[in-house]
Amino acid sequence: MNYAVRYYTKTGNTKRLAEAMAQELGVEALPISAPIEEKVDLLFLGNSYYAFSIDPEVRDFIQSLDKAKIGKIVNFGSAAMLNSTYKKVKAEADKVGIPMMETEFHCKGEFKGIHKGRPNADDVKAAAAFARKIMGNN
């Protein structure tokens with residue numbers, strides 16, 4: 001299986017999760033500004049809520065994806081106030097015809113003192129374990 005990890009972050013929280021997952025998968029975690037040039041079976045896409053939705057840059061990135069190159073998107077991220085971005089990412093992925101894996105990783109993230117220190121070391125370990133589990137199931 002071929003994997004890619006892309007992330008969008010304003011605080012660095014999602015980047016930390018992306019790097020832990022990428023290490024498990026044997027790939028490099030790159031920001032969404034780095035295009036997907038090779039065919040990948042699973043694209044791990046890290047993001048979060050900003051103003052109650054995914055950031056327009058994440059939406060634009062998903063819209064730029066070539067469905068012939070992406071098998072499935074695996075959603076992951078952190079957020080201080082809201083939980084999963086799965087439904088928002090899936091809505092965009094559906095528009096371009098790329099399926100989403102139903103399983104995702106989400107943890108609390110620090111924002112303006114809320115959930116201070118999150119994601120913490122345990123969250124990062126859990127992110128790596130999630131990637132390992134997905135890799136083992138495929």
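How close do the axes of helix H1 and helix H4 come, and at what angle do they cross?

1. The model is predicted, so local features need pLDDT of at least 70 and side-chain atom pairs count only at pLDDT 80 or more, whereas totals for chains, interfaces and linings use all residues. Residues are numbered from 1 along each chain as its sequence is written, and side-chain values use heavy atoms, with hydrogens and water left out.

2. The axes of H1 (residues 13–25) and H4 (residues 121–137) come within 8 Å and cross at roughly 40°. H1 is therefore oblique to H4; angles under 35 degrees count as roughly parallel, over 145 as roughly antiparallel, 65 to 115 as roughly perpendicular and the rest as oblique. Axes are lines fitted to C-alpha atoms, for helices over the stretch in contact, and angles run from 0 to 180 degrees between N-to-C directions. Helices are DSSP runs (H or I) of at least four residues, and strands (E) of at least two, numbered from the N terminus.

3. In H1, the residues that meet H4 include Leu17 and Met21; among their partners in H4 are Ala127 and Phe130. Contact means heavy atoms within 4.5 Å.

4. Glu104 lies in the loop between helix H3 (86–96) and strand S7 (105–108). Because its relative accessibility is 26%, Glu104 counts as partly exposed (buried is under 20%, exposed over 50%, partly exposed in between, with a 1.4 Å probe and protein chains only).

5. Beyond its neighbours within four places in sequence, Glu104 is in contact with Asn75, Ser84, Tyr86 and Phe130.
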